[in-house]
Amino acid sequence: MELRPILSALMRSRVALVLLGLQIALTLAIVCNSLFIISERAALMERPSGMNEADTFILASIGFGADFNLKNAIADDLAMLRALPGVVAAAPINSLPMTNGGWSSGLSLTREQKTSSAYSAMYFSDDQALAAMGAQLIAGRLYRPEELGERTRKTAGWPPVIIITRALGHKLWPGQDPVGKTVWLDTEAEASTVIGVIDRLQAPWVHNEEVVEFATVLPEVINEGAFTRYIIRAAPGQRDAVMKAAEAKLAEINPSRIVREGKTLEKVRAEAYAGDRAMMIILGVVIASLLVITALGIVGMASFWVTLRTKQIGTRRALGATRGAILRYFLAENFVITSIGLLLGTALAYGFNVWLIRHYQTQAMPWYYVPVGCLSLWLLGQLAVLGPARRASRVPPAMATRSV
Amino acid sequence: MFGYYLNLGLRSLRRNPVLTALMVFGIALGIAASMTSLTVFHLMGSDPIPWKSDRLHVVQLDNWDINQAYDEEKGRLPDQLTYLDATALMAAGKADRQVAMYKVVLPVQPAGDGGGPEIKPYLALGRATYNDFFPMFEPPFRYGGPWSREQDEARARVTVLTRATNEKLFGGADSTGRTVRFDGVDYTVVGVLDRWQPRVKYFDLTVGALTEPEEAFIPFTTAIDLRVQSSGNNSCFKAPAPSWEGYLASDCIWIQFWVQLDSPAREAEYKRFLDAYVMEQKKLGRFERPLATLLPDVNEWIALQEVVSRDVEIQVGLAFAFLAVCLVNTVGLLLAKFMRKSGEIGLRRALGASRRQLFMQHLVEAGVVGISGGVVGLALTGLGLMGVRALYSEFKTITELDWTMVALTLLLSVLSATLAGLFPTWRACRVQPASQLKTQ
């Protein structure tokens, strides 16, 4: 295929070339960056919380009135919940992964240091916490009943034994086994010894990259105020029925409180990532609309050109050009325009990415986004121009002799 | 003449309905995308209280750890105050108005004389605050009014209910003087608010800007007296002494503090007072970090706390880039359309139409495309906002299309279509009459 006539023809309609090229350039830049943002969000949403999310749910209880005693209420509730048919494990806990609210504290490796070595989410619970969450212990041991305690405003210091996540252990003691190591949760109090390591358990703040994998489970139940939360794991397949029964039973055994937040972990996850999901959908809609608009624009412009050149096409046909040659001419022309647009678009796409990195601290776009985007737009351009090009190829040679 | 051009334009557009539909649809889609994102952006970041936003200020002090800044990444000062500082500044009373407050959760019990046995106990979101809250943030009252300064001092068991709570507990009747029971304590209703829903909860951004509105207000002093815990954010850099009193005396921050300062002179004066207060506290061994006090006003506060999320900003940028693509698309299509009419243009020129007249004629045609695109775009914007509302459940208050936005949409579409029409029109007017009258 001879490109020179195409180029010289294009040079005669520079404006149209610039317009289509610009459109394709902007499309490439927007599509690549949007797709990259979508993939980033998808990766964020796919991270495991470390819990068994399919069978587990949470419930919250808030007591009221002067006679409400949180400690007794928790004891009664746990006895009831653990005896409930279909319940595998239940535990009181202050907060959970993906809930975006909780307790965070600094950990120090030495007593003397002024700033903490790491920050970690603090989950206050009892010896059933890991079983209820479905979190995996990979080293050390669980809490023994005699190590359990409570935390109120009057509690000073921190428990002598703690369980931490593998990521937190790696942050504090890179490459070493954390079991048996000591760490200070408060440098003015006694140190705590790590007795167990959890494979994975997210902090409540899933959008905080720095602390999301750092969590500590403490053997203390919070007995202050009137609020408590329970995490309950049901036998596979029985979650919804157990949740209903547990909610009703809780309200029944102690009427001076409000039971709420009956929520499956699946719902907790959906709520935590609702913003990311929305962003993905919005960007998806933008990409789809953009591709449609660009394709329609190419169809419109190509049809116009075909109409404008009907006579010339007839002349070429009369001089011996085959239908295929005419078809190829328009396909090649579109390829040239698209390529020029993509060249500019590549620069724009990277420029946009740099701007995002500067302003929003996003990651750099992997290299293959732009080439794949280019390939797709080449294909889109060829498909869009196919209709008008076929119409052009059907122009009869006799057209050359007619006057318009 | 305009009517004639309009007629010509409509006729020309009808001649090629597919191309016309393509242009209108293109503009409409671009307009809808940009207006949807702009509405969210505008309502999120716009001034929630324009008549006095420059007189309301947040008080920021730096009582944080000498070894570690409160916000190392962005260098911001703590966004809340300690109980010690909040009560000291309230007692000093140096501003024109001042309020210390925090978010609470109040279990509402069916006892008291509100409601009947059919209302089950439920949790209400509340705010423990001072009487100045009401004249400062200006919620409208339906019945009664704020509690008095004396009631603040006396730790009175009084409350101001919102319209929705009053609806729920008293069926919407004037409930002033009646009592409600929160967590086992009876409160007397002194006032009931009318409908009040600031788009962004600017007076307490610590737990999110678009959170549910309060359902009841109680005096700060009463809440402290009853040891009602904050259900908002609480940050400590060292553990408080183990008791409620120890917590109140700690350097933990959990109280929002706002002042109203009626003139720049008063603002400067208050700033000096704050600096002097911090210097005084330094002598007592607190405030170990370098002296830093700030009094951002409402709009500065909204910017500082990044109320407009980065996702919304990216969406606005993308939507406008999308609009640009749609416009370039329209320019191309209009150009195609006008060039196809070269013969007709040549004829009109030969018959004596001036370039100016032709220019106007085609600009009107482009304008018609713009207005149609705007109207369709408006409908699509409505759909888009519904979509956004469905995707972000907390965006209820900021996805309303108001009249300014409708006007802006139409203006933007006409403007962009005209802009898109300028070049094709100019090209069309350069057609030489002679060359087009000959056969090709």
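I began with the burial of A:Ile298, and I count this residue as buried because 27 C-beta neighbours lie inside 10 Å; the cut-offs are 20 or more other C-beta atoms within 10 Å for buried, 12 or fewer for exposed, and partly exposed in between, with C-beta atoms placed from the backbone. I am working on a predicted model, in which local features need pLDDT of at least 70 and side-chain atom pairs count only at pLDDT 80 or more, while totals for chains, interfaces and linings use all residues. Residues are numbered from 1 along each chain as its sequence is written, and chains are lettered from A, and ligands numbered from 1, in the order in which they are written.

I placed A:Ile298 in helix α8 of chain A, where helices (H or I, at least four residues) and strands (E, at least two) are DSSP runs numbered from the N terminus. I then listed what A:Ile298 touches, leaving out residues up to four places away in sequence, and found A:Leu20, A:Asn334, A:Gly381, A:Ala384 and A:Val385; contact here requires C-beta atoms, placed from the backbone, within 7 Å. A:Gln382 is 84 residues from A:Ile298 in sequence, yet their C-alpha atoms are 9.4 Å apart in space.

**Contact between the chains**

I looked next at the contact, which takes 44 residues from chain A and 41 residues from chain B. On the side of chain A that touches chain B, α2 (14-46), β13 (257-264) and α8 (274-308) each supply at least two residues, and the largest share, 16 residues, comes from α8(A). I noted the make-up of that side of chain A as 24 nonpolar, 14 polar and six charged residues, with Ala, Val, Leu, Ile, Met, Phe, Trp, Tyr, Cys and Pro counted as nonpolar, Asp, Glu, Lys and Arg as charged, and the others, Gly among them, as polar.

**Cores**

The largest nonpolar core has 161 residues, and among these A:Leu28, A:Ala29, B:Ile255 and B:Phe322 touch the most other members; such a core is a set of buried Ala, Val, Leu, Ile, Met, Phe, Trp, Tyr and Cys residues joined through C-beta atoms within 7 Å. Helix α11 (residues 310-340) of chain B gives this core its largest share, 17 residues. I also found a second, separate core of 64 residues, which includes A:Ala118, A:Ala135, A:Val242 and A:Ala246. Returning to A:Ala29, I recorded that it touches A:Gly345, A:Leu348, A:Ala349 and A:Phe352, not counting residues up to four places away in sequence.

**A sheet in chain A**

I traced an open sheet of four strands in chain A, in the order β2-β12-β1-β13 with antiparallel pairing, where two strands pair if DSSP finds at least two bridges between them. The strands β2 (87-93) and β13 of chain A stand at the edges with a single partner strand each, so one side of each is left without a neighbour in the sheet. Direction ignored, neighbouring strands of this sheet are turned by 20° against each other on average; axes are lines fitted to C-alpha atoms, for helices over the stretch in contact, and angles run from 0 to 180 degrees between N-to-C directions.

Within the sheet, β1 (residues 56-63) and β12 (residues 227-234) of chain A run antiparallel and are joined by seven bridges, and I found A:Ile62 opposite A:Phe227 in β12(A). Helix α3 (residues 70-83) of chain A lies across β1, β2, β12 and β13 of chain A, at about 165° to β2(A), whereas helix α7 (residues 265-272) of chain A lies across β1 and β13 of chain A, at about 80° to β13(A).

**Chain B**

I checked two residues for their phi angles. B:Glu138, in the loop between α4 (133-137) and β5 (141-144) of chain B, has phi near 55°, a positive value in a residue other than glycine, and I class B:Glu138 as partly exposed because 13 other C-beta atoms lie within 10 Å. B:Asp183, in the loop between β7 (179-182) and β8 (185-193) of chain B, has a positive phi of about 50° although it is not a glycine, and B:Asp183 counts as buried with 20 C-beta neighbours inside 10 Å.

Last, I followed strand β9 (residues 216-219) of chain B, from which B:Ala216 and B:Ile218 point one way and B:Phe217 and B:Pro219 the other, all of them buried. Strand β4 (residues 122-129) of chain B pairs with β9(B) in the parallel sense over four bridges, and B:Ala128 stands opposite B:Ile218 in β9(B).

Technical notes:
Contact = placed C-beta atoms within 7 Å.
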